Amino acid sequence: MKTVKEITEEFETLPCRERGELYRIYQDDPRSGVQKLLERYRKKDEALEKEKLRMDEMLQYEREYSHLGYLCGIDEAGRGPLAGPVVAGAVILPQDKKILYLNDSKKLSPAKREELYDVIMDEAVAVGVGIVGPASIDEINILQATYEAMRQALGKLSVRPQLLLNDAVTIPGVDMPQVPIIKGDAKSASIAAASIIAKVTRDRLMQDYDRALPEYGFASNKGYGSAEHIAALKKYGPSPIHRKSFITHFI
């Protein structure tokens, strides 16, 4: 009789779609450890199948427009903070491969965003990032700065897309078709991937700024107006990366 460890190794060597025979073999095993193992793997397999169904829904726009060629998701991070840049991501995903767990970056843990960032960078057909700093945000306003970051991100793609899938906006000054999707980062895999690239890139920048300007707590607040951040702003005054047009209520 195989040990629980040996049975676990059997399950680990097979993808979930091929585990049916193992469930049949061990379903009547009287050992509680084996039955707990089967229940654990059933839950894992059910969760994975549920995620695959969710991702099928996240690919509805990609399927609808796939006949056009390369589709590019566009999203930004950092429109609301008091400090730091606004960052845009542009991502062209492969049509023949599904990346599981893509979602609105705000719905993912920092660890999951970092994990998916690496997967996207490895698997994507092309990735572009645009960054517009606080001085430009103050000069042209945050909406125009966001559009500029998006245009920069598109300009850095190694492949020209035939269609843009955007999170809610239509980007001016872009000579290619665009489909704005309300809450697109939760509805389109391409936009979700772009949101992850933008968010992780910006978070890493704010962590770098924190090392140079530790008094503001940028590593934890990422430039957003937390109580601690506002207290530091009032105590120390604005840093070189604060958006002057955003902090008039505080100083």
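Thr170 sits in the loop between strand S4 (163-167) and strand S5 (178-181). Strands (E, at least two residues) and helices (H or I, at least four) are DSSP runs, numbered from the N terminus. This is a predicted model: local features need pLDDT of at least 70, side-chain atom pairs count only at pLDDT 80 or more, and totals for chains, interfaces and linings use all residues. Residues are numbered from 1 along each chain as its sequence is written, and side-chain values use heavy atoms, with hydrogens and water left out.

Thr170 counts as partly exposed because its relative accessibility is 48%. The cut-offs are under 20% relative accessible area for buried and over 50% for exposed, with partly exposed in between (1.4 Å probe, protein chains only). Leaving aside neighbours within four places in sequence, Thr170 is in contact with Tyr147, Gln178 and Pro180. Contact means heavy atoms within 4.5 Å. Thr170 and Ile181 are 11 residues apart in sequence, and their C-alpha atoms are 9.4 Å apart.

Ala168 also belongs to the loop between S4 and S5. Most residues other than glycine have a negative phi. Ala168 is not a glycine, yet its phi is positive, about 80°. Its relative accessible area is 41%, so Ala168 is partly exposed. Lys183 lies in the loop between S5 and H8. Lys183 has a positive phi too, about 55°, and is not a glycine. Lys183 counts as exposed because its relative accessibility is 61%.

**The sheet**

Five strands make up an open sheet, and the pairing is mixed. Their order is S3-S2-S1-S4-S5. The edge strands are strand S3 (126-132) and S5, each pairing on one side only. From one strand to the next, the twist averages 20°. Two strands pair if DSSP finds at least two bridges between them.

S4 and S5 are parallel and share four bridges. Leu165 has Val179 in S5 as its bridge partner. S2 and S3 run antiparallel, joined by seven bridges. Ile92 stands opposite Ala126 in S3.

In a regular strand the side chains alternate between the two faces of the sheet.

Helix H7 (residues 142-155) lies across S1, S2, S3 and S4. H7 runs at about 150° to S3. H8 packs on the sheet and touches S1, S2, S3, S4 and S5. The direction of H8 makes about 35° with that of S1. Axes are lines fitted to C-alpha atoms, for helices over the stretch in contact, and angles run from 0 to 180 degrees between N-to-C directions.

**Ser105**

Ser105 is in the loop between strand S2 (86-92) and helix H5 (110-123). Its relative accessibility is 5%, so Ser105 counts as buried. Not counting residues up to four places away in sequence, Ser105 touches Arg113, Ser195, Ile196 and Lys199.

**Two pockets**

Rolling a probe the size of a water molecule over the atoms shows where empty space is left. On a 1 Å grid over the protein atoms alone, a pocket is an open set of points where a 1.4 Å probe fits, with protein on both sides within 12 Å along at least five of seven lines; lining residues have an atom within 4 Å of a point. Grid points are joined across faces, edges and corners, and a volume is the space filled by probe spheres set on the points.

| Pocket | Volume | Lining make-up |
|---|---|---|
| Largest pocket | about 310 Å³ | 11 nonpolar, four polar and five charged residues |
| Second largest pocket | about 240 Å³ | two nonpolar, four polar and 11 charged residues |

Ala, Val, Leu, Ile, Met, Phe, Trp, Tyr, Cys and Pro count as nonpolar, Asp, Glu, Lys and Arg as charged, and the others, Gly among them, as polar.

The largest pocket is lined by 20 residues. Leu59, Glu62, Pro94, Gln95 and Asp96 lie nearest its centre. Helix H4 (60-64) and helix H8 (189-212) each supply at least two residues of this lining.

The second largest pocket has a volume of about 240 Å³. Of its 17 lining residues, Glu76, Ala77, Gly78, Lys106 and Tyr224 are the closest to its centre. Strand S1 (71-77) and H8 are the elements that give two or more residues to this lining. H8 supplies the largest share, four residues.
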